[in-house]
Amino acid sequence: MQQPTQVPAAVVTQDLEKNVAIEQTVNRQVTCANNAPIKLEPHELPTSWPALKKWSATLVIVLMTASITFASSIHTAGISAVSQSFGVSKTVATLPVTTFLLGFATGPLLFAPLSEVLGRTLIFRVVLGLFCCFNLGCALAPNVEALLVLRFLCGFFGAPTVTNSGGSLADIWPQSQRSVPFALFTTGSSLGPVVAPIVGGFVAENLSWRWHYWIMTIFSGVVYVAMLFLLPETYATVLLQWKKKQAGIEPVKMSFKERYANDLTRPWTMLFTEPILFTLGLYSAFIWGILYLDFTAYPVVFQQGRQWSQGKAGLSFIGIGIGMAVATASSPWINNLHGAIVKKIGPKPEARLPHLIVLAWFIPVALFWFGWTASPGIHPLVPIAAGVPFGIGFVTLFLGTNAYLSDCYGRFSASAWAANAVLRSLFSAGFPLFASQMYVRMGIPWANSTLGIIAVVMAPVPWVLWKWGGWLRARSRFHLWTMDLEKGEEG
């Protein structure tokens, strides 16, 4: 079968041609009056920043991500208090978790592609500032209806910070150096929602549930100030546009539809036309759904089943946290492994996958382990320890799949991450709504075994992409487009 080496003319539609005109401003095709090409010199690229500047920016990105994901699950610790405060059922009191994640699913569809046009920093400053304001609103919410709306807005304006952060890291770090920064980013993304119920449990025992949101307002406000001072623009396209303006070259006048419409629809287009993205998105969504299901299921197991207090029950998440910490600590080894694989097969995205072929099986093992050891007659450390392999598998899979998407889609990684976040957030929003009923009706062993069977079916995904990822990429419109853009820059 003939393997395509470039985008066929029939595939390059009019909208792509318009966007190519925008994206190719990164290279040197625009000249000034003396015919000298306007381009970014190597020292002007974020990948050439001093190490201190790179790591300070990376730390800010990690903290921004952690503040958003911490907010996503902090409400779970206050469900009972919100139910009593507003006189509503616990199901209704759980809905602020769902509305946050629904907002989380929709926000990136607008702001992620805009970051590829307007730049990362402007989007960060707008959305993170609004996220701080709406958390303040949650702390002052007069009724449950207001809380539901404000939580949706928190998710809507918080999500772009998470999805665009991956693009910023890809801007700052060359492919060969991304493993450790992405591991820290993944830790911020994953430990945030795990630590929140632990902190929130003790806060709920001693203070009002509103203090969950006062804490979030303070935390996100401090991070916002740090972002203003330590995170400059990283997107090469925007940096080149600024340089051209300094040289007196005005950008081409384009209508809103020409400039933005295609960019705003790109995540949807990629999600439903890119098999790689859809498959990894579905896999990531299932794993994230389990994590957020645990925030509702663990109280059933430890508070109702073992009569633990809310603060003590929050400590049951320590197992997952330890697993995530172990996975993060192993990032240098993963980086070395990636380097060794690259030497064998070249700098292909599939070099991110070999270790995931094994670690993907940690998820079903953890689910079966927890399900059949969670009964009150078994020492609580045994089911808590089941969180360790889950945390290891969760972080390494999240890190590996995101790095794979960044390597595969390059300049369009923010749109790819946004599409991935849509599925992930929808699953995370839905799973907590049926968690309590599932565990009560099916029992803990069979409820977890059901999830474990699904995890077994999905575990071969990394192996499938390892075997056939190259074949799929050779037929991927956006991957080939990215390759053309990179070749244009080099040429």
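Author: R352 and D407 are both buried. In this predicted model, the two residues form a salt bridge whose closest N and O atoms are 2.7 Å apart. The pair joins distant parts of the chain: R352 sits in the loop between α14 and α15, while D407 belongs to helix α18 (residues 387–409), 55 residues apart.

The structure holds three salt bridges. Another of them is formed by R473 with E350, again with 2.7 Å between the closest N and O atoms. R473 lies in helix α21 (residues 461–473) and E350 in the loop between α14 (331–345) and α15 (354–359), so this pair ties together parts that are 123 residues apart in sequence. Under 20% relative accessible area a residue counts as buried. R473 has a relative accessible area of 10% and is therefore buried; E350, with 4%, is buried because its value also falls under that limit.

R120 forms a salt bridge with D171, the closest N and O atoms being 2.9 Å apart. Here R120 comes from helix α5 (residues 120–139) and D171 from helix α6, 51 residues apart. Both R120 and D171 are buried.

Helix α6 (residues 144–172) also contains R151. R151 is buried yet has no salt bridge, and E145, the nearest side chain of opposite charge, is 14 Å away. Neighbours within four places in sequence aside, R151 is in contact with A71, S72, I74, H75, P96, V97, T99, F100, C138 and Y213.

The wider setting is as follows. The protein chain has 22 helices and zero strands, and buried residues make up 57% of its 491 residues. The largest nonpolar core has 118 residues, of which M64, L291, Y409 and Y439 touch the most other members. Helix α11 (residues 275–304) supplies the largest share of this core, 18 residues. Domain 1 (49–254) and domain 2 (265–481) each give the core at least three residues. A second, separate core of six residues includes I38, L40, L239 and I249.

Leaving aside neighbours within four places in sequence, Y409 is in contact with M270, E274, I276, L277, A416, S476, F478, H479 and T482. For the chain as a whole, residues 24 or more positions apart account for 85% of the contacts with a separation of 6 or more.

Technical notes
Residues numbered from 1 in each chain as written. Predicted model: local features only at pLDDT ≥ 70, side-chain atom pairs only at ≥ 80, totals over all residues. Heavy atoms only, no water. Core = buried A, V, L, I, M, F, W, Y, C linked by side-chain atoms within 4.5 Å. Buried < 20%, exposed > 50% of the residue type's maximum accessible area, 1.4 Å probe, protein only. Helix = DSSP H or I, 4+ residues; strand = E, 2+ residues; numbered from the N terminus. Domains from an automatic or database assignment. Contact = heavy atoms within 4.5 Å. Lys, Arg positive; Asp, Glu negative; His and termini not counted. Salt bridge = Lys/Arg side-chain N within 4 Å of Asp/Glu carboxyl O.
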